Amino acid sequence: MADTLGMDPARIERLRSPERLEYFHPDRIWEVLKPAPDCTLIDIGSGVGFLTLPFADRYPQSKAYGCDILEGMVGLLREDAAERGLGNLETVLMQPNSVNLPDDTADFIVMGQLHHELDVPEPLMSECKRLLKPGGTIAIIDWADADNGKSPPVGRRVPVADMQAQLEDAGFGDIQTHDVYEFHTFMTGVA
Ligand SMILES: C[S@@+](CC[C@H](N)C(=O)[O-])C[C@H]1O[C@@H](n2cnc3c(N)ncnc32)[C@H](O)[C@@H]1O
């Protein structure tokens with residue numbers, strides 16, 4: 001899928017903006033997922049690492065993969081991880097529905113503010129199922145389907161029912177939503 005926003009410097013600045021922490025703090029995700037310290041996490045659509053960097057920093061015994069379709073994003077994340085001395089963070093330049101990692105790699109997959117950018121999410125959901133160990137958890141956090149002053153307009157946001165159906169179709173179970181963020185839907189499913 002084409003990423004029409006690409007590596008626009010204003011976009012990079014937005015993704016790195018500390019203001020995001022006020023309403024989308026990554027710690028809230030780990031409080032729900034409760035990862036074991038030595039777990040493996042894959043961040044799909046990692047961008048410059050808004051989720052991956054704090055995860056790798058907080059869980060130094062873990063393995064974190066930051067995956068994105070844009071070489072520029074992956075490059076910036078790799079540089080930042082090296083500067084911070086995060087040897088447990090690896091970057092992967094992925095194809096739109098394909099990550100070059102083995103089956104059953106991860107305990108957790110996170111997708112932050114990616115879902116609304118996917119034209120056809122189903123193939124990526126199936127790829128996530130392949131990448132997760134049996135019993136592993138996918139966490140999709142995306143703009144809520146509501147007029148809340150932050151979410152994109154109708155048509156560019158994903159209804160909860162659609163997200164749930166896509167996870168079910170890909171074979172995920174125990175699907176739950178978590179009332180954690182004011183402006184985001186937070187949904188988990190178990191592989
Ligand atoms: C809005 S940004 C969010 C980045 C990061 N998760 C965050 O919260 O800061 C969406 C990212 O997903 C990437 N992306 C878009 N389509 C993708 C796809 N099909 N597979 C993987 N990444 C994708 C974009 O290149 C971009 O870096």
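These are my notebook entries on a predicted model, taken one feature at a time.

**Entry 1: the sheet**

I began with the strands. Seven of them form an open sheet with mixed pairing, and the order I wrote down is E3-E2-E1-E4-E5-E7-E6. The edges are E3 (89-93) and E6, each of which pairs on one side only. From one strand to the next, the twist averages 15°.

**Entry 2**

I then followed the pairing on either side. E4 and E5 run parallel and are joined by six bridges. In that pairing I found glycine 112 opposite isoleucine 141 of E5. With E7 (residues 184-190) the sense is antiparallel, and seven bridges make the join to E5. There, isoleucine 138 stands opposite glycine 189 of E7.

Two helices came up while I was here. H7 packs on the sheet and touches E5, E6 and E7, its direction making about 20° with that of E7. H3 (residues 26-33) lies across E4 and E5, and runs at about 145° to E5.

**Entry 3**

How many of the five residues of E6 are buried? I got zero, and my note reads that E6 is hardly covered. Its pairing with E7 is antiparallel, over three bridges. For glycine 173, the bridge partner in E7 is valine 190. A hairpin of six residues takes the chain from E6 to E7.

I also stopped at aspartate 174, which is found in strand E6 (residues 173-177). Its phi is near 45°, a positive value in a residue other than glycine. Is aspartate 174 buried or exposed? It is exposed, because 11 other C-beta atoms lie within 10 Å, and the cut-off for exposed is 12 or fewer.

**Entry 4: helix H6**

I turned to H6 (residues 122-131) and asked which of its residues are buried. They are Leu124, Met125, Glu127, Cys128 and Leu131. Why do they end up on the same side of H6? They cover an arc of only 160° around the axis, and that is what puts them there. I checked what covers these residues of H6 as well: the cover includes E1, E4 (106-112), E5 (132-143) and H7 (160-169).

**Entry 5: glutamine 113**

Another positive phi turned up at glutamine 113, near 50°, again in a residue other than glycine. Glutamine 113 sits in the loop between E4 and H6. I counted 18 other C-beta atoms within 10 Å, so glutamine 113 is partly exposed.

**Entry 6: two valines in loops**

Valine 48 is in the loop that runs between E1 (40-44) and H4 (52-58). Why does valine 48 count as buried? There are 23 other C-beta atoms within 10 Å of it, and the cut-off for buried is 20 or more. I then listed what valine 48 touches, leaving out residues up to four places away in sequence: Ile12, Leu15, Arg16, Met73, Leu76, Leu77 and Asp80. I also took one distance from valine 48: its C-alpha is 26 Å from that of alanine 146, which is 98 residues away along the chain.

Valine 154 belongs to the loop between E5 and H7. Here I found 10 other C-beta atoms within 10 Å, so valine 154 is exposed.

**Entry 7: around the ligand**

Which of the 20 residues around the ligand come nearest? My list is Gly45, Gly47, Phe50, Pro96 and Gly112. Sorting the residues of the shell by type, I got 12 nonpolar, five polar and three charged. Glycine 112 was already in my notes, as the residue opposite isoleucine 141 in E5.

Terms used
Residues are numbered from 1 along each chain as its sequence is written. This is a predicted model: local features need pLDDT of at least 70, side-chain atom pairs count only at pLDDT 80 or more; totals for chains, interfaces and linings use all residues. Helices (H or I, at least four residues) and strands (E, at least two) are DSSP runs, numbered from the N terminus. Two residues are in contact if their C-beta atoms, placed from the backbone, lie within 7 Å. A residue is near a molecule or strand if its C-beta atom, placed from the backbone, lies within 6 Å of it. Ala, Val, Leu, Ile, Met, Phe, Trp, Tyr, Cys and Pro count as nonpolar, Asp, Glu, Lys and Arg as charged, and the others, Gly among them, as polar. The arc is that of the directions from the helix axis to the C-beta atoms. Two strands pair if DSSP finds at least two bridges between them. Axes are lines fitted to C-alpha atoms, for helices over the stretch in contact, and angles run from 0 to 180 degrees between N-to-C directions.
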